[in-house]
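This report describes selected features of a single protein chain.

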Amino acid sequence: MKKTQSKILAASLICLLSFSMTACKNDKIKDNSTVVVTQDTSVTSENDNSAASTEAAIPEKDADGSKIVTVTVTDTDKKPVTQSGGAASTQLAIVDKDNNVITDTKGNNVKPNLPTVTTSAGGVIVTTKETQKDAAQNIQTSADGPTLSIDQKIEASAGQEVTFQIKVTKNTGYSGLIAWLDIDKRYFDIIDYKGGDPSDPDYKMSDQKNNMSISVYNKPNKSDIDTLVFFYYDQSLAQVTEDNTYATVTLKVKDSVPAGEYPLEFDSVADGKVLCNSIADDKSIIESTPKYINGSIVVK
């Protein structure tokens, strides 16, 4: 179960973290430096007779902020590869802060993230366009996440439908937020679930309704438990900063349920996990762990 849950959680976290890639500012490519652009997979050849290497104006750094260098192409024996005219073949690569060429897992040089470059008989054409530079590479961690809670001792009778809400309080701001809620099928049937508060007159326009995805996860090794997975994500990166109703859930108490108190518990997978993301003014990601407070239903 943990392995399966981890995959689902990982997918959710990928979605949460992926919005940081859109939290960026536009930087136009500068053309005040010149490096050698060679024929490789990053260059589309419009004419096979064009020169193998041509000088073109491109930035000192690529769109990701990595420093660009020109390196000599070598063969499997580490010998320089030469062109038909005898000149050494070169290619573009990126380096780390210590000027070491960055390679992938296969040992190949990682190519810079360049604007569109094409070659033609007349030389190299660098297509000028705005590229997005990721300014959200700085990830900060904060312990001050919002609190998600369910009321204690919600009263109901056997056979009755009962509606309760997940509330967000002490809100420090978020663009993405996840909550997992366990429902014991021995005592309750899931009737309905919605993001936000359907009784609100402005519900149709609410952030919670429009940015919430909810699914039911069936635990393979806990057949008695269904987990409601609530995933809030605002693609515009607008921050929810006020306290609010995160979600509304309706359950039916089964006819055979005896009197007693039954828990409404947030799933333990949420404990200690980074399940809340926001974007700071400097576009850095702030990851925080919300506080989850369980509730309960009292069957009379």
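The side chain of N210 reaches the backbone oxygen of S206 at 3.0 Å and the backbone oxygen of K204 at 3.3 Å. A polar contact here is a pair of N or O atoms within 3.5 Å; within protein, one must be able to donate a hydrogen and the other to accept it, and residues adjacent in sequence count only if both atoms are side-chain atoms. The model is predicted: local features need pLDDT of at least 70, side-chain atom pairs count only at pLDDT 80 or more, and totals for chains, interfaces and linings use all residues. Residues are numbered from 1 along each chain as its sequence is written, and side-chain values use heavy atoms, with hydrogens and water left out.

N210 is placed in helix α2, whereas S206 lies in the loop between β15 (188–195) and α2 (207–210). Helices (H or I, at least four residues) and strands (E, at least two) are DSSP runs, numbered from the N terminus. With a relative accessibility of 47%, N210 is partly exposed; S206, at 14%, is buried. Buried means under 20% relative accessible area, exposed over 50%, and partly exposed in between (1.4 Å probe, protein chains only). The side chain of S206 also has a polar atom 2.7 Å from the backbone oxygen of Y203 and a polar atom 3.2 Å from the backbone nitrogen of K209.

## The five-strand sheet

An open sheet of five strands runs in the order β15-β18-β13-β11-β22, with mixed pairing. Its edge strands, β15 and β22 (291–293), each pair on one side only. From one strand to the next the twist averages 15°. Strands count as paired if DSSP finds at least two bridges between them. β15 and β18 are antiparallel over seven bridges, with D189 opposite K252 in β18.

β13 pairs with β18 in the antiparallel sense over eight bridges, and V162 stands opposite L251 in β18. Three bridges join β13 to the antiparallel strand β11 (residues 147–149), where S149 has K167 as its bridge partner in β13.

## Nonpolar core

In soluble globular proteins, nonpolar side chains tend to be buried together. The largest nonpolar core in this model has 40 residues, and those with the most contacts inside it are L148, I166, L181, F230, Y246, L251 and I297. Such a core is a set of buried Ala, Val, Leu, Ile, Met, Phe, Trp, Tyr and Cys residues joined through side-chain atoms within 4.5 Å.

Leaving aside neighbours within four places in sequence, L181 is in contact (heavy atoms within 4.5 Å) with residues including I150, F164, I166, L228, F230, L264 and F266.

## Aromatic pairs

The structure holds eight aromatic pairs. One of them, Y187 with Y262, is tilted, at 4.5 Å centre to centre and 45° between the planes. This pair links distant parts of the chain, 75 residues apart: Y187 in the loop between β14 (176–184) and β15, and Y262 in strand β19 (residues 260–266). Rings of Phe, Tyr and Trp (its six-membered ring) pair if their centres lie within 6.5 Å; planes under 30 degrees apart count as stacked, over 60 as edge-to-face and the rest as tilted.

Y187 is partly exposed at 23% relative accessible area, whereas Y262 is buried at 9%. Ring pairs link Y187, F188 and Y262 into a cluster.

How values were computed
Axes fitted to C-alpha atoms, helices over the stretch in contact; angles between N-to-C directions.
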